[in-house]
Amino acid sequence: MIQAQKLQKRFGEVQAVDGISFEIAKGETFGLLGPNGAGKTTTIHMLVGALKPDAGKVVIDGVEDPTHANARQNIGMAPQALALYENLSAEENVSFFGTIYGLRGADLAQRVDWALGFTRLSDRRKDRMKTFSGGMKRRLNMACAVVHKPRVLFLDEPTVGVDPQSRNAIFDNIEELKAEGTTILYTTHYMEEAQRLCDRVAIVDKGGLLALDTVTGLIDAHGGNSLVEATLEQAPSDPSAFPGTLDGLSLRVETDHPLKTLARITDAGVHFTSLRVDRPDLEAVFLNLTGRRLRD
Amino acid sequence: MHRIVAIALKDLRLLIRNREALFWVLAFPLMMAVLFGAIFSGMGSKARKPMEVAIVDEDQSEASKAFVGRLKSQDSVKLVVKSREGGLAAVRTGKLVAYVLIRKGYGAKQGFMAGDNKKLEVGIDPSRRTERGFLQGILMKAVFGGLQDRMSNPAKTRKFIQESVSGLGAAGARDPEEAKLATFLKAFDSYLGSVDNQTFKGQMKMDGPKIEAVKYAGGKRPRTSFEVSFPQSVVWGLLGIVSSFAILVARERTVGTLLRLRISPLTWTHILGGKALASFMASIVTMALIFALGIVGFGLRLGNLPQLGLAVVCTAVCITGMMMLIATFGKTEQAVSGASWAVMMPLAMFGGGMIPLVSMPSWMQTASHFSPIKWAVYSFEGAIWRDFTLAEMALPCGLLVIIGVATFALGVVLLSRAKS
Ligand SMILES: Nc1ncnc2c1ncn2[C@@H]1O[C@H](COP(=O)(O)OP(=O)(O)OP(=O)(O)O)[C@@H](O)[C@H]1O
Ligand SMILES: [Mg+2]
């Protein structure tokens, strides 16, 4: 559905995107995960045809030029910066963007109702956008992107500055769209979001694509070992037989098979007062790939 | 077309909801029109108001009081009684136009010679040339008015003459000049005694030229100051439109809605066409509202509605083009707003927005040819009071359309170049 082929974009001294390639299947939810300045937004802008790549190619739904009217009709985007008219009401905003995608009359009214209901803004539809809270503005930003029922949806950090409740509402929206078969490209620097929503995740940093796989695939390949941390009830009779490092009663073990490690400890007849097992996550993947944390 | 209209309606809605913009587009020009109109019409009525003059009567004689009475009876002057110092100070500080001082001894002489004009002193600032001439006339009238009073009644006149003769001193002690005057007065007295009262009355009456009131009958001049101030002030509303819409274009860019428009199926033609339509409509509505108020509330002549319509449409074309060009003068709202006022202010000031075209010095009138605003004002005036024929309208209207189309084209080229 979406193909990015060796995309390049430079702004003056900054190589914002440096040869990124990927392919997104129809109906797939694809995550672009990376820290600030990784080149996520620049990549999206090239995919939607707002920026001309210095090199490389974009194919959307078989159309090689994303600026072609046929491609555009099928694209929706919720920009990272809230792109709304603050002196228009929620309804007027959604309706305006519906109109420019060619919706008219009853069709338009019905789609506007749907988009506002979908983002839970129906009761505030007559209020000006500037009176909205941050989370409501984000939801409206999304409503304007989906009013024309795009087949391909680009969501650029749709949860920035949003409280957990609004965030969950947005997640529900995305899952609903996904269930309807919409192809979604989702950028974020929150790895939990990518983990929860995305079928596949591309990890990007400094304009380059570091890894691309399913979440479990990425963790298996780059996540490293799980971490087992335990506090023991009594000191073991033979500490040297224990895996990991023992400091008084607290034990710390790095292992790629945490369950086997636990079995070995209990086999030695030792009991725990507390136990914690940390499976590696995308954060660990990023750390292992770059030596830096995703967010500092 | 539907999409162009959608963009235009959206922009108009945003304009209407922006109080600040509305103020500059409608309220401010209306205020200017009314204010300028009132100031200039006030100036006219000020000249019609009586001239305020201090009167200092140090003589306090019958003759001096009669003189003051004659001055007072003229409605073109208003007297304020003052002391000598008070009168001088009032003129020095500009509170009063002049003072008239009647020194002691003015009424000392009796009879025919009463009222010694050498004892009259008038103080006026030399820069007040018009008022000086005016005051001179008023004083002359008061001085000769006294003479006329005395002469219009032969019996009274004879009494004055006799008093004057006795005032000259004893017959034996007269110097040669006094002797000559006495002889003349005696001859005059006997002449007056011999004529018929009725004939005399009519002949001695001193009348100035008769002034007829002639009502203004129109023609190629503004009838009221509002006919000048309204076309002049509409300019400021148009400035407000240029700046508001140029800012709207910049805001689409900074807020990111332009990005949304550009990744939609809209073409560049839709986007710019919508903006142009909105500013065109806003210009027309603004001009229509302001002129309508001028016609209904301030007596602007509606001599030639089709030509006023033509002027308004051509001006709207010009304003739309200039808005497009100015929208390219910066990437942020602040930059565009600054640029629009920096460009439009001088154009408006030299184009008749500040000083009306009719009152410009000639060098400024020449400079004004380079301001599109001038042609707008000129075309309004052409339709309102200059009585332009359609052929005469062609020059300003043609220029407006040419400037509008040229700046629009340039603006579109520059905007499209900046889009990626
Ligand atoms: N219009 C521009 N002009 C100059 N530099 C730009 C421009 N847009 C992006 N950049 C630079 O390109 C790099 C990538 O920016 P981009 O916005 O794509 O990052 P991002 O991954 O979306 O970051 P964030 O998570 O902060 O949104 C940054 O270094 C940024 O400064
Ligand atoms: Mg970004």
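In this predicted model, 20 residues of chain B meet 28 residues of chain A, contact being heavy atoms within 4.5 Å. Together the two chains bury about 2400 Å², with carbon and sulfur atoms giving 63% of that area; buried area is the accessible area (1.4 Å probe) that two parts lose on being put together, summed over both. On the chain B side, B:Arg17, B:Arg260 and B:Ile263 lose the most area to chain A, together 33% of what that side buries.

Charged side chains also take part. Between chain B and chain A there are 2 salt bridges (a side-chain nitrogen of Lys or Arg within 4 Å of a carboxyl oxygen of Asp or Glu). A:Glu92 and B:Arg13 form a salt bridge, at 3.7 Å from N to O. Helices H1 (2–16), H9 (226–255) and H10 (257–262) of chain B, taken as DSSP runs of H or I with at least four residues, each supply at least two residues of the side that touches chain A. H1(B) gives the largest share, 7 residues.

Now to the inside of chain B. Its domain 1 (2–42 + 224–418) and domain 3 (154–223), with bounds from an automatic or database domain assignment, have C-alpha centres 67 Å apart. Here 8 residues of domain 1 are in contact with 5 residues of domain 3. These two domains of chain B bury about 640 Å² between them, 50% of it on carbon and sulfur atoms, and B:Thr224, B:Arg301 and B:Trp385 supply 62% of the area on the domain 1 side. Salt bridges between these two domains number 0.

Residues are numbered from 1 along each chain as its sequence is written, and chains are lettered from A in the order in which they are written. Local features need pLDDT of at least 70 and side-chain atom pairs pLDDT 80 or more, while totals for chains, interfaces and linings use all residues, and side-chain values use heavy atoms, leaving out hydrogens and water.
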